[in-house]
Amino acid sequence: MSPLARKRLGKAALNGAGIIVFLFAIFPVYWMIGIAFKPNDQIFTTDFIPFPSPPTLDHVERVFTKGIAGHSIWQFLLNSTIVAVSAVLIGAVFALLAATAVARFRFRFRTSFLILLLIVQMVPAEALLIPLFLMARRLGLADQLLGLIVINVGLTLPFSVWMLRTFVAAVPKELEEASWIDGASRFTTFWRVLFPLVAPGLVATSIFAFITTWNEFAYALTLINDQGKYTMPAALGFFIGQRSTDWGAIMAASTLMMIPVLIFFLLVQRRMVSGLVAGAVKG
Amino acid sequence: MAHTSTTVRGGGHPSAPSRRRRAPRGSGLPDWVVPYGLLLPGFLVIAALLLYPLYQLADMSFYDVKLKNIRPVNPVPPEFVGLDNYTKIFDSDLFWPALRNTVVFALVTVILTIALGTLVGLLLHRLGPKMSTFVVIGAMAAWATPPTSQAIIWKWLFDSDAGVVNWALNLLPDWLSNLLFGMSDWSGHPWLNDASTIYLALIVSVVWGSFPFIAVSVLAGLKSIPGELYEAAKMDGSGPVTTFMRITVPMLKPVFSVLIVLSIIWDFKVFTQLYLMAGGTVNREAFNLSLWSYAEAFGGGANVKMGLGAAIAVVLTIILLIITFVHVRQIVKTEDVR
């Protein structure tokens, strides 16, 4: 075989492998979306039906009107949005302040605090289910979205600080010093100089926290009894546990839950990697 | 990968304040107070929502905490039982299976995820830009799937009647299927009844959901290796295998150590997917440590055993802290945490 032909063959093999990886990755998601639009006789069948023919909007309509456990899916989407957005906004303030402290100042306990941040990230969130559940109950926060908000702030904060400090440290110190020389106060400097430069990092960190909170299942399952207060993952968990599972509706709801996450993923795809890995290796 | 942040910061300690620092004007606070003031809110949140609960968890593991001890209206103080909860765990029929499920699942999943992710990362590095973007978009879909959806999708793919897995296995020629699995008719084959096949489905679904992150990270790592190294190796007559083992692997080592630790943390405590695929807490053989802890504390209806659940969670936490200790120490050594 000529070298050129060999090269072409090698290239074709690589592209073939690429297509196989693509199909393996996308097929389950494609299948979920497909089922959301398939009539029931094309869902509950042993035949392989590659796409809905004809597609139906029945399931989508059903999750909005009849809903899950007597509540329209709007309710769960709203609950999830309230919890995730509040937790992210509150968490962002705490994270920005703490990240500024560890990235901009050298002070006693700085090292201890950073090591603490690292260690608490190793503690599995599921291990704290019992004490946090009891604490929420004592404070009257069980069965409240507020309880979930507070807990999610706690669960996401260590990683947010850890990731955000690299963004703060990346802003040249000289900019702030110049601002001080011009007579600006500490607060003005923070707000007018540091904040705009850290904002992209803050957005990336917040999107991370948003995805974590949006997907959070264990605490939503444990803390919330009132079905009207379920978040999307909890509602889906309830839905799938029912005796006769309505797969078309579940897949429709699951697809809806995934849309915001997918959009955010595409937005921060590059930072996902540098954030998780670089944030963890290099400070 | 790491270069994104280090190049910006130029390595070293650029954030260290210079000796003769110019003080901002108009700030009434003494300098040394400022960092503590900034840190305090975040520290209080972590203390209240992570450290104090961690203490409570450890404390509770020495008590017998029943429903009457935690009811909102006049609760009875729980009874101190010393190490009873721990002896109960280690004597329980559920302990070894749960520990085995936890460890074997994490081990297999981490190995498969890292292996598949690395292969895909290497593949992406060699593909043309268009094809590479195409594959990354596909991988992004798997990666972005929330754990709940992930469990739901794979539960359906592994369904005994309408599942695509059984349909695909039925496509195999009978002799091959018999040779590989000892059976040829997969119609109605149940996957989600037995613990062993539940974990098989769980491994497939978790590997599917987490290999993209590894692949994209490895790709970023590969891109950060300077091309001169490969040219030099080529000039010295190094073959592809030697080059890979002597240049690519050592250069990617720091990336891998992080990826492995992150994967271990994620896979060791898998809860959402297991809970949904195993159908809640009904299948006791399918428990791992986190599901077992949950089942004792919340899964038994009125038969609440919070103390026992807490003790199991303590065991899980200690195992994870031991495994990640080396990693934490490594970061503390190499980072500018000081």
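This is a predicted model: local features need pLDDT of at least 70, side-chain atom pairs count only at pLDDT 80 or more; totals for chains, interfaces and linings use all residues.
Across all chains, the count of salt bridges comes to 7.

**First stop: a pair that joins two chains**

Select Lys269(B) and Glu126(A). These two residues form a salt bridge, with 3.9 Å between the closest N and O atoms. Why does this pair join two chains? Lys269(B) sits in the loop of chain B between helix 12 (240-268) and helix 13 (272-277), while Glu126(A) sits in the loop of chain A between helix 5 (110-122) and helix 6 (129-138), so the bridge runs from one chain to the other. Are the two residues buried or exposed? Both Lys269(B) and Glu126(A) are buried.

**Second stop: salt bridges within one chain**

Next, select Lys229(A) together with Asp226(A). Their closest N and O atoms are 4.0 Å apart, and the pair forms a salt bridge. Lys229(A) has a relative accessible area of 26% and is partly exposed. Asp226(A) also counts as partly exposed, at 35% relative accessibility.

Then move to chain B and select Lys66(B) and Asp64(B). Here the salt bridge has its closest N and O atoms 2.8 Å apart. Lys66(B) is partly exposed, with a relative accessibility of 37%.

Which elements does the chain contain? Chain A has 12 helices and 0 strands, and its pattern along the sequence is α-α-α-α-α-α-α-α-α-α-α-α. Along the principal axes, the C-alpha atoms of chain A fill a box of roughly 75 × 75 × 35 Å. The radius of gyration of chain A is 24 Å, whereas a compact globule of 283 residues would have one near 19 Å.

Among contacts in chain A with a separation of 6 or more, 71% are between residues 24 or more positions apart.

Select Asn152(A), which is located in helix 7 (residues 145-170) of chain A. Asn152(A) is buried, with a relative accessible area of 3%. Which residues does Asn152(A) touch, not counting those up to four places away in sequence? They are Val83(A), Ala87(A), Thr213(A) and Glu216(A).

**Fifth stop: the interface**

Bring chain B back into view and select the residues of each chain that touch the other. The contact takes 112 residues from chain A and 113 residues from chain B. The size of an interface is often given as the accessible area lost when the parts come together. Between chain A and chain B, the buried area is about 10100 Å², and carbon and sulfur atoms give 78% of this area. To see where chain A loses the most area to chain B, select Met122(A), Ile130(A) and Arg186(A), which together account for 7% of what that side buries.

Finally, select helix 12 (residues 247-281) of chain A. This helix gives 20 residues, the largest share of the side of chain A that touches chain B. By class, that side of chain A has 80 nonpolar, 19 polar and 13 charged residues.

Definitions and conventions. Residues are numbered from 1 along each chain as its sequence is written. Chains are lettered from A and ligands numbered from 1 in the order in which they are written. Side-chain values use heavy atoms; hydrogens and water are left out. Contact means heavy atoms within 4.5 Å. Buried area is the accessible area (1.4 Å probe) that two parts lose on being put together, summed over both. Helices (H or I, at least four residues) and strands (E, at least two) are DSSP runs, numbered from the N terminus. Ala, Val, Leu, Ile, Met, Phe, Trp, Tyr, Cys and Pro count as nonpolar, Asp, Glu, Lys and Arg as charged, and the others, Gly among them, as polar. The radius of gyration is taken over C-alpha atoms; the globule rule is 2.2 Å times the number of residues to the power 0.38. A salt bridge is a side-chain nitrogen of Lys or Arg within 4 Å of a carboxyl oxygen of Asp or Glu. Buried means under 20% relative accessible area, exposed over 50%, partly exposed in between (1.4 Å probe, protein chains only).
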